[in-house]
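Here is a short briefing on one protein model. Look at the sequence and the structure first, then take the points below in turn.

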Amino acid sequence: MDVHTFLTIVSCESLSKAADLLFVSQPALSHRLTKLEKELGVKLMVRGKGVRNIRLTEEGKHFIPIAEKWENLYFETQKIRQSDAKELLRVSNVDSLNESLMTSVCTDFLSRNHQCRLHLTTLRSDAAYEAAENHEIDLGLIMNPRFSRTIRTVPLFEENLSFVCSVSSDYKGPLVSASLDASDEVYIPWGNTFLRWHDYWFGPAAETRITMDHMALLERMLSLDHTWAIVPATIAAKLVKTGKIRRVPLEDGPAPRTCYGILKQNEKERSWITDFIKEFIRQAEKTPEIRVLETSRQPSCE
């Protein structure tokens, strides 16, 4: 590959060293470089008889980042050729699903589909749409839907949101939203229904005690004096099992949030995608805090 030859010469700063590294003669190396220059229509290096070290032209300097991208694309192409791309299923999901459903979904799916390989990534909803549009994922599991001409968005299940706090705190239910103080809140933006509720009661510029975009520190932050949080019901159930967190009824809390699957529009789905969605729904049906939607059982999801 002539681009690889060029980058090797640049790295070695010497034709002779590059030739040794590539296991070719120096005349053969020069021939490759000349061929690349003819293809590009520019001179990349200044070289001559008796000159050991190379000197890049301005065009050569500008070509380095392009050559690096070119080489990366080549190696990515080779990966596709070397493995059956149909055996790889690329799935993204939001952070809260990692804490509830995804472990069981993935292990049971793989136990039934031995030939499939999974690539899992955690993406916020907007990033998942972009990844799906760019063919970087096959399936996205998101909470905040948006319009896309190229992406199909399928509602999968609904889940209530719950008020949680430390077992040592003095919150007593049933609570009402007007009695809550945002300055004591551990705030995680769970989805559109939660954001609408939060903006209504506390305003869009509310100063919360702690703002986070992931679950990792939630339990520890709720141990602080008088802190509280709104979390998905599956997360609340998991926190309650620790014995350190309790759930308190909130009469006028946020409406349930909806989980959606996003897939490329008008594209024939592989069986892996259908099987993964079925397993996701199967696990959701086993979870008391979740209500599976009929749309997830319709052919459009399969």
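Helix 2 is followed by Phe-23, whose phi is positive, near 60 degrees. This is a predicted model. The protein has eleven helices and 13 strands.

- Helix 2 spans residues 15–22, and its buried residues are Leu-15, Ala-18, Ala-19 and Leu-22.
- These residues sit on the same side of helix 2, because they cover an arc of only 100 degrees around the axis.
- The face turned away from that buried side carries Lys-17, Asp-20 and Leu-21, which are exposed.
- Cover for the buried residues of helix 2 includes helix 1 (2–12) and helix 3 (26–40).

**Glu-37 in helix 3**
- Glu-37 lies in helix 3.
- Is Glu-37 buried or exposed? Glu-37 has a relative accessible area of 7%. Glu-37 therefore counts as buried, as the cut-off is under 20%.
- The Glu-37 side chain reaches the backbone nitrogen of Met-45 at 3.3 Å.
- Not counting residues up to four places away in sequence, Glu-37 touches Val-42, Lys-43, Leu-44, Met-45 and Arg-47.

**Nonpolar cores**
- The largest nonpolar core has 31 residues. Which of them touch the most other members? They are Phe-163 and Leu-218.
- At least two residues of this core come from each of strand 7 (161–166), strand 8 (186–187), strand 10 (228–232) and strand 11 (245–248). Helix 8 (192–202), helix 9 (218–221) and helix 10 (233–240) also each supply at least two.
- Leaving aside neighbours within four places in sequence, Phe-163 is in contact with residues including Tyr-171, Leu-175, Leu-180, Trp-228, Ala-229 and Ile-230. Its contacts also include Arg-246, Arg-247, Val-248 and Leu-250.

**The protein as a whole**
- The protein has 302 residues, and 45% of them count as buried.
- Its accessible surface comes to about 16700 Å². Carbon and sulfur atoms account for 51% of that surface.
- Among contacts with a separation of 6 or more, 73% join residues 24 or more positions apart.

**Confidence**
- The average pLDDT of the protein is 87, and 90% of the residues score at least 70.
- Among the elements, strand 7 has the highest mean pLDDT, 97. Helix 4 (residues 58–82) has the lowest, 77.

Conventions. Residues are numbered from 1 along each chain as its sequence is written. This is a predicted model: local features need pLDDT of at least 70, side-chain atom pairs count only at pLDDT 80 or more; totals for chains, interfaces and linings use all residues. Side-chain values use heavy atoms; hydrogens and water are left out. Helices (H or I, at least four residues) and strands (E, at least two) are DSSP runs, numbered from the N terminus. Buried means under 20% relative accessible area, exposed over 50%, partly exposed in between (1.4 Å probe, protein chains only). Contact means heavy atoms within 4.5 Å. Accessible areas come from the Shrake-Rupley method with a 1.4 Å probe; for residues, only the protein chains shown count as cover. The arc is that of the directions from the helix axis to the C-beta atoms. A nonpolar core is a set of buried Ala, Val, Leu, Ile, Met, Phe, Trp, Tyr and Cys residues joined through side-chain atoms within 4.5 Å. pLDDT is the predictor's confidence in each residue, from 0 to 100. A polar contact is a pair of N or O atoms within 3.5 Å; within protein, one must be able to donate a hydrogen and the other to accept it, and residues adjacent in sequence count only if both atoms are side-chain atoms.
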